[in-house]
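User: Please walk me through this structure, and show me how to read its features one at a time.

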Amino acid sequence: MIRRRFGGGSVASVVYGEIRTTQDVDIVADLAPAHVPALAAALAAEFFVDAEFLAEAVRTGTSCNLIHRTTGFKVDVFVLRKREFSRVEMARRVPFEFAKGQRAYLATVEDCVLTKLEWYEKGGRVSDRQWRDVLGLLKGREATIDRSYLQQWAPALGVGESLQRALREAGYRSC
């Protein structure tokens, strides 16, 4: 049904970065209009899902949310954007076992940093939460993070200046 999907956002920030509470989970899904009826029907028993909002999100390439009927937990579904970075980000996702035998996919640390920086920029550079998440993702990873990948994509995403600042604040040498 859904060809590809992965999690990012706050859940990935907690897995890779610093522990913090989260009120939802973000999922990126590669959805087509033909997927909507079956997906809405499959989710209806467990989630409040509005098939019209889901169809609109697919049509416009935006997002919608699902609410778990029992717990009220929110799932934000972001439709895979039609851009090169989003396709590369999806291809780079990594498996994550969150419970015995239960696997999901997460965006890579680098892709989480870039996406969080995009949200930070779109929000006028005022979100302390996004900025803390970025720093949490970067801290302690200087030896393993793919800085060339970050440097490759940051200008294309309009986050080059913020990335350099984040690297400095996270303690990276020679930014």
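**Burial and salt bridges**

Analyst: D24 is buried, since its relative accessible area is 14%; buried means under 20%, exposed means over 50%, and partly exposed is in between, using a 1.4 Å probe and protein chains only. Keep in mind that this is a predicted model, where local features need pLDDT of at least 70, side-chain atom pairs need 80 or more, and totals for chains, interfaces and linings use all residues. Residues are numbered from 1 along each chain as its sequence is written, and side-chain values use heavy atoms, leaving out hydrogens and water.

User: What share of the chain is made up of buried residues?

Analyst: Of the 175 residues in the chain, 42% are buried.

User: Which residue meets D24 in a salt bridge?

Analyst: A salt bridge is a side-chain nitrogen of Lys or Arg within 4 Å of a carboxyl oxygen of Asp or Glu. Here the side chains of K74 and D24 form one, at 3.8 Å from N to O. This pair links distant parts of the chain, 50 residues apart: K74 belongs to strand β5 (residues 74-79) and D24 to strand β2 (residues 24-29). K74 is partly exposed, because its relative accessible area is 27%.

User: How far apart are the closest N and O atoms of R92 and E110?

Analyst: They are 3.2 Å apart, and R92 and E110 form a salt bridge. R92 sits in helix α4 (residues 84-92) and E110 in helix α5 (residues 109-122), so the bridge ties together parts that are 18 residues apart in sequence. R92 counts as partly exposed because its relative accessibility is 24%, while E110 is buried, at 10%.

User: How many helices and strands does the chain have?

Analyst: There are 8 helices and 7 strands. These are DSSP runs numbered from the N terminus: helices are H or I with at least four residues, strands are E with at least two.

User: At what angle do α4 and α7 pack?

Analyst: Axes are lines fitted to C-alpha atoms, for helices over the stretch in contact, and angles between N-to-C directions run from 0 to 180 degrees. Helix α7 (residues 147-157) packs with α4 at about 150°, the axes being 11 Å apart. So α4 is roughly antiparallel to α7; under 35 degrees is roughly parallel, over 145 roughly antiparallel, 65 to 115 roughly perpendicular, and the rest oblique.

User: Which residues of α4 and α7 meet?

Analyst: Contact means heavy atoms within 4.5 Å. E84, F85, V88 and R92 of α4 meet Y149, W153 and L157 of α7.

User: How are α6 and α8 placed relative to each other?

Analyst: Helix α6 (residues 128-138) and helix α8 (residues 160-169) pack at about 60°, with axes 9 Å apart. The two helices, α6 and α8, are therefore oblique to each other. On the α6 side the contact uses W131, V134, L135 and L138, and on the α8 side S162, R165, A166, L167 and E169.

User: What share of contacts joins residues 24 or more positions apart?

Analyst: Among contacts in the chain with a separation of 6 or more, 59% are between residues 24 or more positions apart.
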